[in-house]
Amino acid sequence: NFLNSNNIIHIGATSLKENRIRPIIKEIDDIKFCFLNYVTLDTNPNLPEDSKIIVNIFDKNQVIKYIKEYKQIVDQVIVLLHWGGNTENGYYPDLNQTEIARDLIDNGADLIVGHHSHTFQAYECYKDKYIFYSLGNFCFSDIYNDNQLYSRLSNRQCKSIILEIDFIKGDNYLVNIVPIRNINGYIKKSNK
């Protein structure tokens with residue numbers, strides 16, 4: 001409700017079952033985009049039984065079906081993935097993530113942006129399409145519970161990136177990676 005009332009486009013968890021698989025389709029400067037969003041089971045997306053929130057669980061075959069369907073009507077299909085539960089706090093994705101991501105690109109995805117690991121992970125350009133396995137923490141702070149420090153960010157969890165992507169009509173885009181650091185809760189550009 002907060003996002004809607006502030007005209008902020010959002011995708012992901014929802015309280016309306018019919019919106020669970022709804023992509024965002026948006027045209028900007030004569031380029032039509034489709035954003036698809038999923039969460040994998042290895043990230044333990046466990047919700048209380050009485051929760052009114054619904055998440056869109058990743059099913060590769062279903063995702064490929066949607067990619068092919070939407071690729072017929074848009075210029076760019078961007079897949080956003082909350083995934084990589086087996087590589088939390090690691091610098092590299094799980095081997096199955098690279099296989100899955102490349103399958104999605106092979107089937108028409110133009111860009112894959114992942115997150116969950118809490119660390120910036122390796123990325124690749126596959127068939128001229130970028131796969132970012134995990135962007136790391138953008139704005140994440142130490143966790144306190146009842147005024148007790150529960151978890152402190154490690155040095156690697158304080159490093160992240162901001163993606164600046166310049167889309168060009170057709171299948172092309174240019175990527176600029178802006179390194180950032182979380183320094184005591186403040187986001188600052190970084191040299192590395």
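**Values set against cut-offs**

Modeller: Let us begin with aspartate 110, which has a relative accessible area of 1% and is therefore called buried, and keep in mind throughout that this is a predicted model.

Colleague: What makes aspartate 110 buried?

Modeller: Buried means under 20% relative accessible area, and aspartate 110 has 1%, so the word applies. Lysine 129, with a relative accessible area of 10%, is under that cut-off too and therefore counts as buried.

Colleague: How do you know that aspartate 110 and lysine 129 form a salt bridge?

Modeller: A salt bridge needs a side-chain nitrogen of Lys or Arg within 4 Å of a carboxyl oxygen of Asp or Glu, and here the closest N and O atoms are 3.1 Å apart, so the pair qualifies. The two residues come from distant parts of the chain, aspartate 110 from the loop between helix 3 and strand 4 and lysine 129 from strand 6, and they are 19 residues apart. Together with Lys71, they are linked in a network of salt bridges.

Colleague: How many salt bridges does a search of the whole structure find?

Modeller: The search finds six. One of the salt bridges joins lysine 60 to aspartate 103, with the closest N and O atoms 2.5 Å apart; lysine 60 is in helix 2 and aspartate 103 in helix 3, 43 residues apart.

Colleague: Why are lysine 60 and aspartate 103 called partly exposed?

Modeller: The term covers what lies between buried, under 20%, and exposed, over 50%. Lysine 60 has a relative accessible area of 28% and aspartate 103 has 26%, so both values fall in between.

Colleague: Why is lysine 169 called exposed?

Modeller: Its relative accessible area is 52%, and exposed means over 50%, so lysine 169 passes the cut-off. The side chain of lysine 169 also meets that of aspartate 75 in a salt bridge, at 3.2 Å from N to O. Aspartate 75 lies in the loop between helix 2 and strand 3, and lysine 169 in the loop between strand 9 and strand 10, so the pair ties together parts that are 94 residues apart in sequence.

Colleague: What does the side chain of serine 160 reach, and at what distance?

Modeller: It reaches the backbone oxygen of leucine 135 at 2.6 Å, and since a polar contact asks for N or O atoms within 3.5 Å, the distance meets that cut-off. Serine 160 is found in strand 9, and its 4% relative accessibility is under 20%, so serine 160 counts as buried.

Colleague: Which residues touch the most other members of the largest nonpolar core?

Modeller: Of the 23 residues in this core, they are Leu36, Tyr38, Ile67, Val79, Leu81, Leu104 and Ile112. Strand 2, helix 2, strand 3 and helix 3 each give two or more residues to the core, and the largest share, five residues, comes from helix 2. A second, separate core has 11 residues, among them Ile78, Leu80, Phe132 and Phe167. In soluble globular proteins, nonpolar side chains tend to be buried together.

Key: Residues numbered from 1 in each chain as written. Predicted model: local features only at pLDDT ≥ 70, side-chain atom pairs only at ≥ 80, totals over all residues. Heavy atoms only, no water. Core = buried A, V, L, I, M, F, W, Y, C linked by side-chain atoms within 4.5 Å. Buried < 20%, exposed > 50% of the residue type's maximum accessible area, 1.4 Å probe, protein only. Helix = DSSP H or I, 4+ residues; strand = E, 2+ residues; numbered from the N terminus. Polar contact = N/O pair within 3.5 Å; in protein donor to acceptor, adjacent residues only side chain to side chain.
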